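Here is a short note for someone opening this entry for the first time. Please read the points with the structure on screen.

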Amino acid sequence: MSRALILVDIQNDFVPGGALPVPEGDQIIPVVNQLLPAFDLVVATQDWHPQNHGSFASNHPGKKIYDVIELNGLEQILWPDHCVQGTAGADFVPGLNMNPVEAIFRKGTDPGIDSYSGFFDNGRKKSTGLADYLKGRGIDEVYVVGLAGEFCVNYTILDAAELGFKTYLIKDATRPLDWQNFEQAMGNMRKHGVQIVENKDLL
Ligand code: VGL
Ligand code: ZN
């Protein structure tokens, strides 16, 4: 029995001061750092968009941030430009201890499709390789933390559960863009067998 911690998108653009800030997103950093030694394996995901990414409102003249469009057949929320490859906004938050992170899975690189989950793009057309990596490392339990709670954390968790991992959300090591949407997402996670725990349960 081996357990992995997945750090989801703990990047400068998702904390206060960034391009798509999650309220209090920076407050998870000490909590996550404290959790790291409790796991057999730590991996991270990194939102990593080209400047011409189809999820950016700036690439759709006449559209505004948070408008919803259809992008190659999938519903797409339009975001501010964020986590552009090679920019400071795409870097991991400097206070985060990345030393124990053994692998980083980048996502959102195809301009034609967004990728909220760390496992697959939103159309489930391509895998990032994360599931095979975890299986290759003998992982059967997955704990998920990071940003944003109702988007990339939520979809990573739902895929992990569906892939057969025993899946946990560490609630105080995540923050959402919107708490009401996150509460709804957590209800749905529970329906899929996900357990919701806190930092203190693991120390
Ligand atoms: C995310 C919106 C757009 C996230 C990434 O990491 O939750 N949200 N790209
Ligand atoms: Zn993104």
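**Notes on the fold, helix α3 and the zinc site**

1. Just after α3, Gly 164 takes a positive phi of about 100°. Keep in mind that this is a predicted model.

2. Now the helix itself. α3 covers residues 149–162, which makes 14 residues. From its first C-alpha to its last it reaches 18 Å. That is close to the 20 Å expected at 1.5 Å a residue.

3. How many residues of α3 are buried? The count is 12 of the 14, so the helix is largely enclosed by the rest of the structure. Buried here means under 20% relative accessible area. The list includes Phe 151, Val 153, Ile 157 and Leu 158. Glu 150, Asn 154, Thr 156 and Asp 159 are also among the buried residues of α3.

4. Next, the chain as a whole. Its secondary structure comes to four helices and eight strands. From the N terminus on, the order is β-α-β-β-β-β-α-β-α-β-α-β.

5. Overall dimensions come next. The C-alpha trace spans about 50 × 30 × 30 Å along its principal axes. The radius of gyration is 16 Å. A compact globule of 203 residues would have a value near 17 Å, so the chain agrees with that expectation.

6. Of the 203 residues, 53% count as buried. Take the contacts between residues at least 6 apart in sequence: 73% of them join residues at least 24 apart.

7. The chain exposes about 9000 Å². Carbon and sulfur atoms supply 48% of that area.

8. Finally, the metal. Which residues coordinate the zinc ion (ligand 2)? They are Asp 47 through OD, His 49 through NE2 and His 82 through NE2, at 2.0 to 2.2 Å. In sequence, the donor residues are spaced D-x1-H-x32-H. Both Asp 47 and His 49 are buried.

Notes
Residues are numbered from 1 along each chain as its sequence is written. Chains are lettered from A and ligands numbered from 1 in the order in which they are written. This is a predicted model: local features need pLDDT of at least 70, side-chain atom pairs count only at pLDDT 80 or more; totals for chains, interfaces and linings use all residues. Side-chain values use heavy atoms; hydrogens and water are left out. Helices (H or I, at least four residues) and strands (E, at least two) are DSSP runs, numbered from the N terminus. The expected span of a helix is 1.5 Å times one less than its number of residues. Buried means under 20% relative accessible area, exposed over 50%, partly exposed in between (1.4 Å probe, protein chains only). Donors are N, O and S atoms within 2.8 Å of the metal (3.2 Å for Na, K and Ca); water is not among the atoms, so sites may look incomplete. The radius of gyration is taken over C-alpha atoms; the globule rule is 2.2 Å times the number of residues to the power 0.38. Contact means heavy atoms within 4.5 Å. Accessible areas come from the Shrake-Rupley method with a 1.4 Å probe; for residues, only the protein chains shown count as cover.
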